[in-house]
Amino acid sequence: MKILVYSFRAFDEKAFFDSLCAEAGFEYVTCPDYPSVENAHLAKGCDAISIIVCDMNEALLRALHAQGVRYICTRSIGTEHIDMKTARALSMRVASAVYSPDSVANYAIMLMLMACRKFPYVLDRARMQDYSLPGKRGRELSRMTVGVIGLGRIGRTVLRHLSGFGCRLLGYDVHPGAGVDELCELCDLRTIYRESDVITLHCPATKENHHMIDAGAIAAMKEDVILINTARGDLIDTMALVGALESGKVGAAALDVIENEYGLYYINHTGEAMANRELALLSSFPNVIVAPHTAFYTDVSVSDMARCTVEACRAFSLGEPYAFEVK
């Protein structure tokens, strides 16, 4: 088994891939760039590729398949970036990763606290030696109602951690699963919008929930609501959010993900003119935090992602099922 690891980061992933591949008896080679039709030839002789979130379209999949690639392992929980219809047509097996839910859950709660206490603004003023109080008064998370949309492993972890803050907790999921009602008040989206002071998103990007937070959803929310998104950028209609920020309907937003971020994050763009209007608009608001899709990024998660790649490749090479194979 030979694996090409795209978007490889030697400074933090190498040690894990070295040990895991050596243990499995696999060979691996690397490319620091996103996969593309132009660099698909690097996969010649490789059985599998490992990727992060990037545009895995039909043309790219066919180019990789022509080089002999049969397995795709994404180092992410979500798989919406992969054209699964084409992958199935080419009989390419696809696997996702699973990693510590604490990483994203902790990050989401950190963003909530930062938004509630206007922390970026407070720090910016402090750097200018402005220690006055006007404009810096925050809100207490413990006295707020938090609505969690998406009650999978991460959403449930957010609920468990927030229980210690004393918040009122609301939750919504199409399929909430057993035991969730012990962590929160299960309700519909209308109730989440109407009663939540903070709304945090933890659901996958699908056709059904594309732009689930649109102008209509925002209009149904409380005044001064705080929106948190550590899931996928496509869940929020950016222009609807911009309008709501301008009108004051949304009091603050903390976004680890945004629309059209492919090719943006995990690359040093210092000094470049960025062709991403969503990023430019959102970054212009003092009450918006835009983080570069790093909620997942902990030592435990990086190790988990490398491990999932190797475990999936081992199962695929043996013709065995894999728990996180995407069907």
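## Exercises on a predicted model

Aspartate 197 has a relative accessibility of 13%, so it counts as buried. The structure is a predicted model.

**Exercise 1.** Find which side chain meets aspartate 197 in a salt bridge, and say where the two residues lie.

*Solution.* 
- Step 1. The partner is arginine 139, at 4.0 Å from N to O.
- Step 2. Aspartate 197 lies in the loop between α7 (189-195) and β9 (198-201). Arginine 139 lies in the loop between α5 (119-127) and β6 (145-149).
- Step 3. The two are 58 residues apart, so the pair links distant parts of the chain.
- Step 4. Buried means under 20% relative accessible area, and exposed means over 50%. Arginine 139 is at 27%, so it counts as partly exposed. Aspartate 197, at 13%, is buried.

**Exercise 2.** Explain why arginine 307 and glutamate 311 are separated by about one helical turn.

*Solution.* 
- Step 1. Recall that an α-helix has 3.6 residues a turn, so residues three or four places apart point the same way.
- Step 2. Arginine 307 and glutamate 311 are 4 residues apart in helix α11, which means a separation of about one helical turn.
- Step 3. They form a salt bridge, with the closest N and O atoms 3.3 Å apart.
- Step 4. Both are partly exposed: arginine 307 at 27%, glutamate 311 at 29%.

**Exercise 3.** Compare the reach of helix α11 with the expected value, then look at its buried residues.

*Solution.* 
- Step 1. Helix α11 covers residues 299-317, which is 19 residues.
- Step 2. The expected span is 1.5 Å times one less than the number of residues.
- Step 3. Just after α11, glycine 319 takes a positive phi of about 70°.

**Exercise 4.** Is histidine 293 buried or exposed, and which residues does it touch?

*Solution.* 
- Step 1. Histidine 293 sits in the loop between β12 (288-290) and α11.
- Step 2. Its relative accessibility is 10%, so it counts as buried.
- Step 3. Leaving out residues up to four places away in sequence, histidine 293 touches Arg232, Asp256, Val257, Glu261, Tyr265 and Tyr266.

**Exercise 5.** Describe the lining of the largest pocket.

*Solution.* 
- Step 1. The largest pocket has a volume of about 1,100 Å³.
- Step 2. Its lining holds 46 residues. They split into 26 nonpolar, 13 polar and 7 charged.
- Step 3. Nearest its centre lie Ile77, Gly78, His202, Cys203 and Pro204.
- Step 4. Helix α6 (residues 153-162) gives the most to this lining, with 3 residues.

Definitions and conventions. Residues are numbered from 1 along each chain as its sequence is written. This is a predicted model: local features need pLDDT of at least 70, side-chain atom pairs count only at pLDDT 80 or more; totals for chains, interfaces and linings use all residues. Side-chain values use heavy atoms; hydrogens and water are left out. On a 1 Å grid over the protein atoms alone, a cavity is a set of points where a 1.4 Å probe fits but cannot get out, and a pocket is an open set with protein on both sides within 12 Å along at least five of seven lines; lining residues have an atom within 4 Å of a point. Grid points are joined across faces, edges and corners, and a volume is the space filled by probe spheres set on the points. Ala, Val, Leu, Ile, Met, Phe, Trp, Tyr, Cys and Pro count as nonpolar, Asp, Glu, Lys and Arg as charged, and the others, Gly among them, as polar. Buried means under 20% relative accessible area, exposed over 50%, partly exposed in between (1.4 Å probe, protein chains only). Contact means heavy atoms within 4.5 Å.
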